Amino acid sequence: MKRQLLTLGITSLVSIAVHAQDIPQVHIAVTDKKCEPMNLEVPTGKVQFIIKNKSMRALEWEILNGVMVVAERENIAPGFYQKMTVNLEAGQYQTTCGLLTNPHGTLTVSGEHEYRIKAQDLIAIAAEYKFYLILQTRQLQKWLDGDATSVSDSVKQAYYSVKTMLPAYGQPSPKDYLQPMARAQLKQQVTAWQTLVRQKTLSLMQLNTQLSDMLLQNISDDGQSQGIDANVMKWVDVVTPLAKKIDAQTAQALTDQMQSWHEHPDKTHQQAFRKQIRQFMQRLQQENES
């Protein structure tokens, strides 16, 4: 009986050891300035990351999908390491590398399988876009708190990016106080925008509807056009990681059509680009409703 129990115990331990060996291990070190290495490539499925803190302070290491945290390991003391096993699907991710000011690393997960869109993916698109609009209002506020005598291209882009997106929040198109500049009204306007984009929810349907409407507009004003361009490019940038997970050809088609539209900003190329966007939007919306 004892021999049987001993044999059973040894078999179990061997089974556990074999199973552990099936999970690939990736070693990564985090210094005061970066990750070592900065670029990682792993297969789909379970991966064990062994994170060593080579910096002078306690830190956390995160895997990010846009602004969403996929997995994290916190409070890694200097000189120590921690292990983290994650089940990853194909796609492009980012990793934090110590201080917030340090550049992010990249994590490429590759493998053959059909990706199924999850609710988290859809939430991440709207959340990342909302964060982008918040950053635009912060940029405007910083500019207004300073000299604010000259209007740079980056200020124009920030202003008109937010201005053209406000209907997505159920707001009427606001009056233009930037060109010509009406400083007092502009400060009040930007303050109101900051509160709106920070506190009010932006749903995926609202975002997609407004982007689609933008592509139908024939804008002659340079500022409005700059804002629409910036919003459309940001939308493509936000959805591309998900598009790559679903279908690499779809992701490439979005990028190619956007490039073609910028090189040939006529009605034909605009309609082709809009059609490509609408097709992907419809797929996202179907998943959102299911």
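Hi everyone, thanks for coming. Please keep in mind that what you see is a predicted model.

Let me start with the overall picture. The chain has 290 residues, and 40% of them count as buried. Its secondary structure comprises 8 helices and 9 strands. If you take the contacts with a separation of 6 or more, 64% of them are between residues 24 or more positions apart.

Now for the outside. One spot I'd like you to find is a nonpolar surface patch made of Val67, Phe131 and Leu135. Together these three residues have about 230 Å² of accessible area. Phe131 sits in helix α2, which covers residues 119-145. So is Phe131 buried, exposed or something in between? Its relative accessible area is 38%, so Phe131 is partly exposed, since that class lies between 20% and 50%.

Next, the largest pocket. What is its volume? It comes to about 410 Å³. The lining is made up of 22 residues, and those nearest the centre are Asn65, Gly66, Val67, Gln94 and Glu128. Which elements each bring at least two residues to the lining? They are strand β8 (91-95), helix α2 and helix α6 (222-246). Helix α2 is also where we found Phe131.

That's my tour, and I'm happy to go back to any part of it on the screen.

Definitions and conventions: Residues numbered from 1 in each chain as written. Predicted model: local features only at pLDDT ≥ 70, side-chain atom pairs only at ≥ 80, totals over all residues. Heavy atoms only, no water. Helix = DSSP H or I, 4+ residues; strand = E, 2+ residues; numbered from the N terminus. Buried < 20%, exposed > 50% of the residue type's maximum accessible area, 1.4 Å probe, protein only. Contact = heavy atoms within 4.5 Å. Patch = residues over 30% accessible without salt bridge, like charges linked within 9 Å, V, L, I, M, F, W, Y side chains within 5 Å. Areas by Shrake-Rupley, 256 points an atom, 1.4 Å probe, with all protein chains shown as cover. Salt bridge = Lys/Arg side-chain N within 4 Å of Asp/Glu carboxyl O. 1 Å grid on protein atoms, 1.4 Å probe; cavity = no way out; pocket = protein on both sides within 12 Å on 5 of 7 lines; lining within 4 Å. Points joined across faces, edges and corners; volume = space filled by probe spheres on them.
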